[in-house]
Amino acid sequence: MRRIPLNRSEKPLLHVDQFAFAYENVKEKPVLNNISFTLYENEVTLLMGASGSGKSTISLCLNGLYPEAVEGFTKGNIYFEGINISEFSKGELNQQVGIVFQDPESQFCMITVEDELAFTLENINIPASEMPQRISEVLQAVGMESFGKEKFHQLSGGQKQKIALAAVLLLEPKLLILDEPTANLDPVSSMEFIQLIHRIKQERGLSVFIIEHQADDWMDMINRVMILGHDGNIVADDQRDVIFKDKKQLLEREGIFLPRSHHESFWDVNTGSTTFSNQEVCLSVQNVTFKRKKNVILEGINLTIQSGEFMAIIGENGAGKSTLLQLIAGLLKAEQGKIELFGKPISKWKENYLRKRIGYVFQNPEHQFITDTVYDEITFGYQLNGYAQMDMDEKALHLLKQFQLENQKFSNPFSLSGGQKRRLSVATMLDETPDILLFDEPTFGQDAQSTKELMRMIKELQSSGTAVVFVTHNMDLVDAYCERVIVMLDKKIGFSGSPQELWRQEKILEKSRLRLPYRIRHKVGKGEKYDFVH
Ligand SMILES: Nc1ncnc2c1ncn2[C@@H]1O[C@H](COP(=O)(O)OP(=O)(O)OP(=O)(O)O)[C@@H](O)[C@H]1O
Ligand SMILES: Nc1ncnc2c1ncn2[C@@H]1O[C@H](COP(=O)(O)OP(=O)(O)OP(=O)(O)O)[C@@H](O)[C@H]1O
């Protein structure tokens, strides 16, 4: 491995020496293969790699959670400030090496924000008298000073993520690991989160280790990029621009997104065609209002979905996108208004029929899994429908290949990587061709190759007449693929039209905490004229 020609005036912080890791159930195929690297003080490193290459596994090993918390084998050593991490007492290492996960909820165990932060301080033996001051300071640092008394279930995804960061910062770690921290955030919250990390890094002189599939928004911060290959080796490790300029082919081979500043167009440009305009209406939402206890979540929603339509629902965290999707799927019931599938209220269709006609991919794929293996999960629908074993095997093999899950055929769905879980949850919806497919964040956590493949498959379904409706925070995806986009704003549909029309609505974009897609931001950045509607 080439040595990194960075000016190493900083001290080494964490050293990984010939480290290997294998999960117990696949011990013959280690996820990490004799990797070695050193992280330095005050450095920001981005780790990239295909979905399932082992990025989360590395991060969990670096802060000592693995191998203890999982059945696995390790070889080699990891040193923090020269001391083998196996010599640290429980909790001591977590204080030095803090992690913020993709899914912040997995980090919380108390009901309110203040209780959670107090619990963190209690764990590091901070006297109760000092807690209020520390909590108030950290909440201020993450811009959440007025949220101390809030309950977690009332916070949006973005707000939860900021509290997860606050909890880690309370420990005053020297190394901060961020595992896809912005995946659930709306575009503006995502930018704000990255700026927050940038500021905290400068104030506290932290070393930061980021795992992300798309580097674009982190570019200003990153010093160094490491690439984890499919075979569990670090296949490149160098300064940011060296990797993105000189290693394009390697990144493409590994299926990694190139930053758009170094690579013109990843997405095909949307022609804005409206192939659905003469199709029949398959679903209608009429004047629907939905409340949770006394809180109005959605109000006076009117929407029609036509067969073969391809539509995105977007909006800020907590705007009600998932709620609307669940109402359309018949998973939630509205007290007011009507939802009809082919002219008949969805409540009047038999449950079995409804589940066949409307496919639903949950935001959290784990909510969908009902069997013990990937194969059973994929063939569950076929088994119910009495398919012959041979046909079922053939179909399953095809789907496993398409979704790059062949090597996970007998894995437990819950043990898959984040991206693999997402692909499996989509694959399980493809056993039949439903009238409507609803996806909550279909490409979340995917690398470049699987994003393209997923979108290709979803498009294929659309061309066979299925209406596709998906929730996303990815404006480039909307720009490249959608015919219609609706924006949830102030509990209502604030906009419905083509993405091209939306990108001109500056006020709606701003109020909904959305950003322009990269294609247009880039034009504006180069000083090209762009006409907003005022
Ligand atoms: N608890 C587990 N038991 C068995 N195998 C596991 C377990 N957790 C992860 N794996 C496997 O280890 C491999 C690496 O998973 P990991 O979550 O580290 O990947 P990743 O690079 O973070 O992926 P993604 O980008 O999709 O989040 C995957 O093939 C996954 O199926
Ligand atoms: N189980 C629940 N109990 C109480 N309130 C809830 C529950 N689920 C959602 N909410 C609230 O309903 C509102 C809409 O939530 P929803 O999940 O539909 O938003 P979203 O637009 O999908 O958000 P995100 O982009 O963060 O996923 C939010 O204010 C949320 O706090």
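Residues are numbered from 1 along each chain as its sequence is written, while chains are lettered from A and ligands numbered from 1 in the order in which they are written. Because the model is predicted, local features need pLDDT of at least 70 and side-chain atom pairs count only at pLDDT 80 or more, whereas totals for chains, interfaces and linings use all residues.

**Domains**

Let's start with the overall layout. The protein is split into domain 1 (12-103 + 173-256) and domain 2 (281-525), with bounds that come from an automatic or database domain assignment. Their C-alpha centres sit 30 Å apart. Across the boundary, 16 residues of domain 1 are in contact with 19 residues of domain 2 (contact means C-beta atoms, placed from the backbone, within 7 Å). On the domain 1 side, helix 6 (residues 187-204) provides the largest share, with 3 residues; helices here are DSSP runs of H or I, at least four residues, numbered from the N terminus. That side of domain 1 has 6 nonpolar, 7 polar and 3 charged residues.

**Ligand shells**

Now for the ligands. A residue is near a ligand if its C-beta atom, placed from the backbone, lies within 6 Å of it. For the classes, Ala, Val, Leu, Ile, Met, Phe, Trp, Tyr, Cys and Pro count as nonpolar, Asp, Glu, Lys and Arg as charged, and the others, Gly among them, as polar.

| Shell | Nonpolar | Polar | Charged |
|---|---|---|---|
| Ligand 1 | 4 residues | 16 residues | 1 residue |

Ligand 1 has 21 residues around it, and Ser-51, Ser-56, Thr-57, Ser-417 and Gly-419 come nearest. Helix 1 (55-62) and helix 13 (418-427) each give at least two residues to this shell.

**A helix pair**

Helix 11 (residues 374-384) packs on helix 12 (residues 389-402) at about 130°, with axes 10 Å apart. The two helices are therefore oblique to each other. From helix 11, the contact uses Tyr-375, Ile-378, Thr-379 and Tyr-382, and from helix 12 it uses Met-392, Lys-395, Ala-396, Leu-399 and Leu-400. By class, that makes 7 nonpolar, 1 polar and 1 charged residues.

As for the terms, axes are lines fitted to C-alpha atoms, for helices over the stretch in contact, and angles run from 0 to 180 degrees between N-to-C directions. Angles under 35 degrees count as roughly parallel, over 145 as roughly antiparallel, 65 to 115 as roughly perpendicular and the rest as oblique.

Terms used
Contact = placed C-beta atoms within 7 Å.
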